[in-house]
Structure formats: structure tokens, C-alpha cells
Amino acid sequence: MKYDWIIGICCTAADGVKILKFHGTQNEVKTKLLSMVAEDREKDTENWDFGCTSIDDVRSEYNGIGYELYAYGCYHDYHIDYTAKKFSHIENA
């Protein structure tokens, strides 16, 4: 089943969080997160240390309401975290 997802991207070398929306299944959003890691890795291959390189590396954690998905990339001087959460599971402020 397809859902609306919110994807947050945070880089320790930058300020703020980039927020995107995505519509798809849980596997499709895992694939999207993985492609985002790969795209960022291509921008800075010489500083890439380690991170998610396969769909099995994308972590899925149950938060009591639903699943949150996590991917990451670690570089020499910074790291980037990618988090996806179903829109319906976003808490009100």
C-alpha cells in the first residue's frame, strides 16, 4: 500500500534540515533513501567513509505508532542522516 511520507535530511556540515515529501510503499521509500545516500556520496567520493549501500542497510524502527526509516552516510568530517516517517504519524506541535 502507498502512503505519504515526510523525509528529513540533516547534515552536520550544514545548518537546518531539508524536508521533502514522498508518496510510495515502505520499500519504495527505502529505495528513495538509498538513492539519496548514493547521490550525496557521488558528490564527495573522496571523503566517503561508510554508510548505507544496500536496501538491507536502511533501518526500520517501530516508534509505537508506525515505522520510521533511517539511512546515513559518514564522511571524513561530517555525516548525513536521512529519516522517513509516514505523514499520518507526524505528531502535532
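I began with Lys 43, which is exposed because its relative accessible area is 63%; exposed means over 50%, buried under 20% and partly exposed in between, with a 1.4 Å probe and protein chains only. I am working on a predicted model, in which local features need pLDDT of at least 70 and side-chain atom pairs count only at pLDDT 80 or more, while totals for chains, interfaces and linings use all residues. I number residues from 1 along each chain as its sequence is written, and the side-chain values use heavy atoms, with hydrogens and water left out.

**Entry: the partner of Lys 43**

Which residue does Lys 43 meet in a salt bridge? I found the side chain of Asp 40 there, at 3.6 Å from N to O. I count a salt bridge when a side-chain nitrogen of Lys or Arg is within 4 Å of a carboxyl oxygen of Asp or Glu. Both residues sit in helix H1, three residues apart, which is about one turn of the helix. Helices (H or I, at least four residues) and strands (E, at least two) are DSSP runs, numbered from the N terminus. Is Asp 40 buried or exposed? Asp 40 counts as buried, because its relative accessibility is 18%, whereas Lys 43 is exposed. I also noted that Glu 39 joins Asp 40 and Lys 43 in a network of salt bridges.

**Entry: the largest pocket**

I looked up the largest pocket next and read a volume of about 250 Å³. Asp 40 and Lys 43 turned up again: with Ile 9, Lys 18 and Ile 80, they are the closest to its centre of the 13 lining residues. For the terms, I work on a 1 Å grid over the protein atoms alone: a pocket is an open set of points where a 1.4 Å probe fits, with protein on both sides within 12 Å along at least five of seven lines, and lining residues have an atom within 4 Å of a point. Grid points are joined across faces, edges and corners, and the volume is the space filled by probe spheres set on them.

Which elements give two or more residues to this lining? I noted strand S1 (3-11), strand S2 (17-24) and helix H1 (26-43). H1 supplies the largest share, four residues. By class, I have seven nonpolar, one polar and five charged residues in the lining. Here Ala, Val, Leu, Ile, Met, Phe, Trp, Tyr, Cys and Pro are nonpolar, Asp, Glu, Lys and Arg are charged, and the others, Gly among them, are polar.

**Entry: the partners of S5**

I then followed strand S5 (residues 67-75). Strands pair if DSSP finds at least two bridges between them. S5 pairs with strand S3 (residues 48-51) in the antiparallel sense over three bridges, and Gly 51 has Gly 73 in S5 as its bridge partner. Strand S4 (residues 59-62) runs antiparallel to S5 and is joined to S5 by four bridges. How many bridges does S5 share with strand S6 (residues 79-86)? I counted seven, again in an antiparallel pairing.

The hairpin of S5 and S6 has three residues between the strands. The hairpin of S4 and S5 has four, and Gly 64 there takes a positive phi near 100°.

Ile 65 is in the loop between S4 and S5. I list Ile 65 as partly exposed because its relative accessible area is 47%. I also checked Ile 65 against Leu 20: they are 45 residues apart in sequence and 21 Å apart in space, C-alpha to C-alpha.

Where is His 89? His 89 lies in the segment after S6, and with 14% relative accessibility it counts as buried. Leaving out residues up to four places away in sequence, I found His 89 touching Ile 65, Gly 66 and Tyr 67, where contact means heavy atoms within 4.5 Å.

**Entry: salt bridges across the chain**

My search of the whole structure gave five salt bridges. In one of them, the side chains of Lys 85 and Glu 68 meet at 3.2 Å, N to O. This pair links distant parts of the chain, with Lys 85 in strand S6 and Glu 68 in strand S5, 17 residues apart. Lys 85 is buried at 17% relative accessibility, and Glu 68 is buried at 11%.

Glu 28 forms a salt bridge with Lys 2, with the closest N and O atoms 3.7 Å apart. Glu 28 is in helix H1 and Lys 2 in the segment before S1, so I have another link between distant parts of the chain, 26 residues apart. I list Glu 28 as partly exposed, at 32% relative accessibility, and Lys 2 as partly exposed, at 48%.
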